[in-house]
Amino acid sequence: MNIILYAVPFFFLLILIELLLEKVKGTDYYRVNDSINSLTAGVLSRMTGIIKLLLPLTIYVLAHEQLALFQLPSTWWMWLSAFLLYDFFYYWNHRLGHEMNILWAAHVVHHSSEEYNLTTALRQSSSSFFSWIFYLPMALLGFEPKVLIAVGSLNLIYQFWVHTRHIPKLGWYEWVFVTPSNHRVHHAQNQIYIDRNYGGVFILWDRLFGSFQEELDEDKPIYGIRKALKSWNPLWANVHVYSQLFKDCWHTKRWQDKLLIWFKRTGWRPADVEQNYPLSRVDLSQFKKFDIQLSLSNKLYSLLQYLLIVLIGLLLMMNVEVLIVVEQVLIVLFVFFASVSAGLVLENSPKAMYLEWLKYAVILGTLALYVLPDWLEWTLGVWVLFNALFLFFKKNEIINSAEPMLEVSS
């Protein structure tokens with residue numbers, strides 16, 4: 001059973017509640033472009049997770065079958081032990097994800113938002129290829145694959161609610177568990193907050209291993225990453241650090257540095273690259289959020305595109321067992337394509353219109369090739385026609401009145 005799939009409606013319900021709080025309290029924790037970008041990144045993560053899970057899970061199964069030291073009964077203490085151990089290994093997985101270049105390249109997408117709200121929780125990586133290694137000790141101890149998946153899902157679900165600014169400090173609870181307050185620290189780029197509070201469910205690991213930092217009233221968190229993304233393209237959010245690492249690897253002259261750059265501490269660059277290709281330094285005292293102004297109609301159109309991406313993603317997740325691998329890959333590739341196109345719409349890019357037309361052509365072609373239930377084919381057909389007509393009437397605005405990039409003060 002896919003626990004996360006069943007949790008998705010509750011995620012969106014909580015986001016709706018937080019949006020209502022936003023209205024009641026008059027806060028400005030949400031922006032349409034940032035939130036859609038976070039949500040789209042979350043869909044991409046779920047899509048690639050379907051494919052990525054095959055190999056790591058197979059390795060875990062083999063390790064459990066061939067190397068397990070114990071046979072653990074299905075008791076309450078086994079499940080509790082699995083939950084605690086998973087969070088312990090998650091701590092180290094998360095910590096090294098901040099302290100090693102190649103792991104940070106995968107994890108950075110989760111931190112690239114300059115806002116902090118419940119949509120940020122869904123802004124997950126699509127390129128985390130090595131995380132499974134950290135949990136192999138659980139296979140050796142005898143925890144079955146289904147147990148790993150279950151406790152891992154519960155761990156991820158717990159982490160959702162802590163991505164909010166509406167909940168203050170929670171007294172004694174702050175000492176044991178991860179809370180919104182101590183996780184806000186984790187997402188801040190202030191010098192005092194960088195690389196702190198890695199726990200998933202329990203903050204005890206941070207207190208034990210010296211990585212805990214309390215949220216300070218006099219040091220308001222500034223969210224985002226030092227090398228700002230400055231894009232609403234969810235694909236670029238997943239690859240921009242890899243891109244920088246490849247460039248540095250290519251430019252450095254020393255062969256050992258070409259290897260070391262991937263495994264050195266986050267931010268390390270070879271001396272010759274640092275000298276010849278310097279990167280700009282961030283001045284947080286002058287920090288401004290990346291933003292691009294959108295008309296109301298463009299915001300509504302972007303929201304419709306996100307709903308399409310979610311619909312296709314949910315259909316894939318619910319039918320993954322009856323689809324062959326080629327079909328799964330093609331659907332995932334389409335979701336990536338649609339996500340990039342939606343990101344360009346958010347950026348008012350003239351290229352967006354052409355990619356959107358191509359997207360509709362692919363959808364109509366797919367409807368023609370596959371026999372769908374009449375009601376579903378009719379519904380999707382009307383949806384495509386509506387959006388195509390909308391895009392036709394909006395094409396002049398998209399091409400001719402693209403707003404310049406703006407930055408807004410935090």
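1. The second largest pocket comes out at about 1300 Å³. A pocket here is an open set of points on a 1 Å grid over the protein atoms alone, where a 1.4 Å probe fits, with protein on both sides within 12 Å along at least five of seven lines. Keep in mind that this is a predicted model: local features need pLDDT of at least 70, side-chain atom pairs count only at pLDDT 80 or more, and totals for chains, interfaces and linings use all residues. Residues are numbered from 1 along each chain as its sequence is written, and side-chain values use heavy atoms, leaving out hydrogens and water.

2. The lining of the second largest pocket (residues with an atom within 4 Å of a point) runs to 42 residues, with Trp 104, Ile 225, Arg 226, Lys 227 and Val 282 nearest the centre. Two elements give two or more residues to that lining, α5 (101-107) and α12 (234-251). The largest share, six residues, is from α12.

3. Now Ser 211, in the loop between α11 (204-208) and α12. Ser 211 has a relative accessible area of 2%, so it counts as buried (under 20%, with a 1.4 Å probe and protein chains only). Its side chain makes a polar contact of 2.7 Å with that of Tyr 91 (a pair of N or O atoms within 3.5 Å, one able to donate a hydrogen and the other to accept it). Leaving aside residues up to four places away in sequence, Ser 211 also touches others, including Arg 95, Arg 196 and Asp 206 (heavy atoms within 4.5 Å).

Conventions. Points joined across faces, edges and corners; volume = space filled by probe spheres on them. Helix = DSSP H or I, 4+ residues; strand = E, 2+ residues; numbered from the N terminus. Buried < 20%, exposed > 50% of the residue type's maximum accessible area, 1.4 Å probe, protein only.
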